Amino acid sequence: MSENELEARRTRLTELRERGVDPYPARVGPFVPVEDIHAEYGEKTEEELEAAAPPAAAVGRVRAVRSFGKLVFVGIEQDGVALQLSARKTEVPEDLFAAIKGLDVGDFVRAEGTLWRTKRGELTLSVASLDMLSKSLRPLPEKWHGLQDVEARFRQRYLDLLSNPEARRIAIARSRIVSACRSYLDRDGFLEVETPALQPLYGGAAARPFVTHHNVLDQQLYLRISDELYLKRLVIGGLDRVYEIAHNFRNEGVSRKHNPEFTLLEAYQAYGDYRDMMALAQGLIREVAESVHGGLVFESQGHTLDLSGEWREVSMRDAIREETGIDVLEARDLESLRNAAKQAGVEPGSAPTWGVMVDDLFSEHVEPGLIQPTFVTQHPTELSPLAKRSSEDPRVVERFELYLAGMELANAFSELNDPLDQRGRMEDQQALEAAGDEEAQPLDEDFLRALEHGMPPTGGIGIGIDRLVRVLLDTPSIREVILFPHLRSEAGT
RNA sequence: GGGCCGCUAGCUCAAUGGCAGAGCAGAGGGCUUUUAACCCUUUGGUUCUGGGUUCGAAUCCCAGGCGGCCCA
């Protein structure tokens, strides 16, 4: 009889039920994690195990069935750790032997028996009883090559995790990196908080939002592009050190550097400024890198990155001037900046405003070359509507962006706490929006009211977690570090 | 948004205008130390979709879908 695999597995499922076996039982009998079994018996010799015949019970997913005539080996895996099961036809009841031979790759089982070591030296559980824990109806990807199809890896990440060790390694490492960030901030007296993802008005970053609608309130809502304005409200409310690790949503392109939904760590420290945030960024990123690499020098994106020593600091003005010869603070409007670019032999592009053009010049000519950790400081005020002006030069703000491996990893400033200046900046943003800047920030009366009540001098920082993970784990695309990256819908679904 | 590349069995891949194939997985058989087990037999196809060219299309052309890379 010829059957396809799905049918064959469904048939075996039916047979289990006919024999009175629940293929999806509610409870699991006692067991010891496979990892612990190896820890306890991994060093025992063949003879020691034979003498003691230690009893053990394990659970896991069937990854291989190797059947001989009167002997069968089954490889199971629990949470990434493998254990071999065995059964001899001459030593176990007939129905148990049949049940073991009838296992499919992908089934979950619990096995009880005694441990022994094979001629090849593998610790093996000789099965005396077997419970089906969950019957699998679909085959896993091919055991040797794993799942190669990139689209399938993202759409069915569970298969990627099961068959590609690298996917599992990245998922676990990402989780540990986020834990390390939390641990650093918690130790430094920061309080982890949660603020709304659904916001009546978006703000805190230059980006276009996703728009949604609340039916009962008949209210337009935005998915947050940042949690900045809410975290500042908390500082105003007397929570001096707060942070949030949040998903933000920005309605823009999808690429190997961008996912529309991404993770940002934002932290705010009352009575601090952007210099304190520099120290925080350096301390946190160094500690996290140590936890991943055991040191501060590592390979990433084809470069050897060195996080030790003093990190370079350069003003945005100097950085652009070094690469292009253009002094953006000497060309204060769009027209003269375009002329300055032409004079310098630089394509002026089609930016709608002066600020956007400065940003474009930086992104194109400076950013890709910032490989080693670099603080870029003193951004033009027009580009930074939420940052405090520099006391030395009101044309620029107290701000830095941290670059590593050609990517922006963090953005921080001395937060603007002058409510009148803040109102003026938001009004300027309205003018920029009118001039065609689609990422200009809206005027937020509710936030301004909060500021008018008084906010202490505050330093704030945002760190892109996906990018940090990508740099530390050296993956070519942000999609490798996001478990379920955004994809178009499959045809027909 | 543009350019280039890809999409073939559940998975990994062949077939460069002339019979759609292999390995793994599945089914049947054999096998008491395997671990990518092995040996024999064998099932399985909307070749992404829809048009077109041709005696004949997985292959060439057009449109679309999804993905990748590069660019914007």
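I take helices (H or I, at least four residues) and strands (E, at least two) as DSSP runs, numbered from the N terminus. The model is predicted, so I ask for pLDDT of at least 70 for local features and 80 or more for side-chain atom pairs, while totals for chains, interfaces and linings use all residues. Residues count from 1 along each chain as its sequence is written, chains are lettered from A and ligands numbered from 1 in the order in which they are written, and side-chain values use heavy atoms, leaving out hydrogens and water.

**Helix α12**

I looked up glutamate 364 and found it in helix α12, residues 354-365. At 56% relative accessibility, glutamate 364 counts as exposed; for me buried means under 20% relative accessible area, exposed over 50%, and partly exposed in between (1.4 Å probe, protein chains only).

**Aromatic rings**

Next I searched the whole structure and got 5 aromatic pairs. Rings of Phe, Tyr and Trp (its six-membered ring) pair if their centres lie within 6.5 Å; planes under 30 degrees apart are stacked, over 60 edge-to-face, and the rest tilted.

Phenylalanine 68 and phenylalanine 73 have ring centres 6.2 Å apart and planes at 90°, so I noted them as edge-to-face. Phenylalanine 68 is partly exposed at 47%, whereas phenylalanine 73 is buried at 13%.

Tyrosine 202 and tyrosine 222 are also edge-to-face, with centres 4.9 Å apart and planes at 65°. This pair links distant parts of the chain, 20 residues apart: tyrosine 202 sits in the loop between β7 (198-199) and β8 (211-214), tyrosine 222 in strand β9 (residues 219-223). I have tyrosine 202 as buried at 11% and tyrosine 222 as buried at 13%.

Lastly, I saw ring pairs link Trp311, Phe375 and Phe400 into a cluster.
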